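Please examine the sequence and the three-dimensional structure shown below. The paragraphs that follow lead through its strands, its core, its ligand surroundings and its domains.

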Amino acid sequence: MDKIGMVGTPCQITAATLMKDYESFIKEFPVTLKIGLFCMENFSYKYLKKLLKGKGISLKEIIQCRIEGGSAKFHLNNGDIISVPLKELKEAMRKSCQICMDYTAEQADISIGSVGSPRGWSTIIIRTKKGLELIKAAEKNKYIKTRPIDDHGLELLQSLAAKKKEKNLIEIKEREKVARQVMYWRVMPETQYLEEVTDYQFRDLKGDVIDIGACVLCGACLLSCPEEIIKIEDRKPEIRGECPPACNACYIACPRTYVPDNLISHETAKKPLGNYIKILSAKAPMFKGQDGGVVTALLSYALSEGIVDKVLVVDKDTQNPWKPIPKLTRHIEDVVKAAGTKYSACPIFKAMGGS
Ligand SMILES: Cc1cc2nc3c(=O)[nH]c(=O)nc-3n(C[C@H](O)[C@H](O)[C@H](O)COP(=O)(O)OP(=O)(O)OC[C@H]3O[C@@H](n4cnc5c(N)ncnc54)[C@H](O)[C@@H]3O)c2cc1C
Ligand code: SF4
Ligand code: SF4
Ligand code: SF4
């Protein structure tokens, strides 16, 4: 079976980790390299479109968005740059992001973002031995160059990660006071977890996650369904058919249902950045990306060396650069084309199978 490398937001990386750890309950999950992105929030395509229309901007005109100093800077295809304060974009922020407790993709092999490094560089958090080996080899072969992160950069990164966790923990507690449990924050020991989720099926996923605005639209449920009856055509997963008895694959794969404490614990949640080996600044001289181009460089290097056979990336629609398109590819040119951040939720796992 092909080995797959992926890039994704922290919630997508959590889903990948669940699908790998509980492969025996789902189906073979060939992702062997996880590159995570830092992520404070994401936007709803539909609401952002409406909100920006009110400001005279069409999403189709936007070729790039950079979030800097509390504002989103929209680069338009006519060369104009329009700055909108993040506060004004708040109503287009996805509801599921308000209860997210991970800023830096804590279960990735390597996590990458802009915060903490100068413009044109990326900050990389190396978390696993596999991640460390990839960084060393990519640097030796001149795909990337690295340097120590400066103290001010590290402090900023830690404080933003801590702020996200503090703010969203308050939101989790508020929601739980007035509504239903925020499942993924009900962390439990693995044996209890497996017992708890035994009988849960799509109807429970719908009630516990989708209907209460906790779905991150990752597509893990769709990929894991052995009956291939889950569809994500527009904004949320739907089912077309009957679930056979004893199947709970979608409930296990979902990063917003119960999670075992070997994956997320309230202890690691107290560490703003989770566990890691080292943090560096890096850039990729041969590649152009959102920041240092390091994601593109690492995935290209992994493909060229046969470390992975295919990579899962998020490309953009040629007519509408804001619209994210998940893509599974073995070609470096596709990885290069997918560079750049699309600030919109993407059912990334849809590209790995399902319907
Ligand atoms: C929704 C979102 C929010 C982010 N928030 C922050 C933040 O708060 N602070 C911060 O420092 N960094 C944030 N980032 C990460 C940052 O924008 C860059 O992606 C990161 O610094 C890597 O830059 P690069 O030049 O190395 O990546 P590039 O070489 O440009 O590669 C970027 C990769 O990201 C993937 N990608 C693009 N859009 C998506 C998407 N919607 N979902 C999954 N994968 C995608 C593409 O497949 C591409 O391979 C965010 C990214 C996303 C997608
Ligand atoms: S839930 Fe939202 S904030 Fe959290 S990782 Fe996913 S997209 Fe980012
Ligand atoms: S068959 Fe039903 S319970 Fe099983 S994964 Fe598919 S939707 Fe979920
Ligand atoms: S319901 Fe499906 S698409 Fe939504 S978060 Fe869970 S696994 Fe992802």
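Strand β6 (residues 110-113) and strand β7 run antiparallel and are joined by four bridges. Helices and strands are DSSP runs, of H or I over at least four residues for helices and of E over at least two for strands, numbered from the N terminus; two strands pair if DSSP finds at least two bridges between them. Within this pairing, G113 has T123 of β7 as its bridge partner. This is a predicted model, in which local features need pLDDT of at least 70 and side-chain atom pairs count only at pLDDT 80 or more, while totals for chains, interfaces and linings use all residues. Residues are numbered from 1 along each chain as its sequence is written, chains are lettered from A and ligands numbered from 1 in the order in which they are written.

Strand β7 also pairs with strand β11 (residues 278-283), to which five bridges join it in the antiparallel sense. There, I126 stands opposite K278 of β11. Because five of the five residues of β7 (residues 122-126) are buried, the strand is largely enclosed by the rest of the structure. A residue is buried if 20 or more other C-beta atoms lie within 10 Å of its own, exposed if 12 or fewer, and partly exposed in between, with C-beta atoms placed from the backbone. In a regular strand, side chains alternate between the two faces of the sheet. In β7, S122, I124 and I126 lie on one side and T123 and I125 on the other, and all are buried, so that both faces are covered.

Strand β1 (residues 4-8) is likewise mostly covered, with five of its five residues buried. Strand β1 pairs with strand β2 (residues 31-37) in the parallel sense over five bridges, and I4 stands opposite V31 of β2.

The next topic is the nonpolar core. A nonpolar core is a set of buried Ala, Val, Leu, Ile, Met, Phe, Trp, Tyr and Cys residues joined through C-beta atoms within 7 Å. The largest one holds 96 residues, of which A15, I35, C250, A253, L298 and L299 touch the most other members. Helix α10 (residues 294-304) gives the most to this core, with eight residues. Apart from neighbours within four places in sequence, C250 is in contact (C-beta atoms, placed from the backbone, within 7 Å) with F202, L205, C221, S224, C225 and I230.

F202 lies in helix α7 and counts as buried because it has 24 C-beta neighbours inside 10 Å. F202 and I230 are 28 residues apart along the chain, and their C-alpha atoms are separated by 8.8 Å.

Which residues come nearest to ligand 3? Of the 13 residues around it, these are F202, C225, C243, C247 and C250; a residue is near a molecule if its C-beta atom, placed from the backbone, lies within 6 Å of it. By class, this shell has nine nonpolar, three polar and one charged residues. Ala, Val, Leu, Ile, Met, Phe, Trp, Tyr, Cys and Pro count as nonpolar, Asp, Glu, Lys and Arg as charged, and the others, Gly among them, as polar.

Ligand 4 is surrounded by 16 residues, the closest being C215, C218, A220, C221 and C254. Its shell divides into 14 nonpolar, one polar and one charged residues. Helix α7 (202-210) and helix α8 (220-224) each supply at least two residues of this shell, and α7 gives the most, with three. Around ligand 2, the surrounding residues include C11, C39, C97 and C100, and the shell divides into six nonpolar, three polar and three charged residues.

The domain assignment, which comes from an automatic or database source, gives domain 1 (1-39 + 94-355) and domain 2 (43-92). Their C-alpha centres lie 24 Å apart. Ten residues of domain 1 are in contact with ten residues of domain 2, and the side of domain 1 that touches domain 2 divides into three nonpolar, four polar and three charged residues.

Methods:
Two residues are in contact if their C-beta atoms, placed from the backbone, lie within 7 Å.
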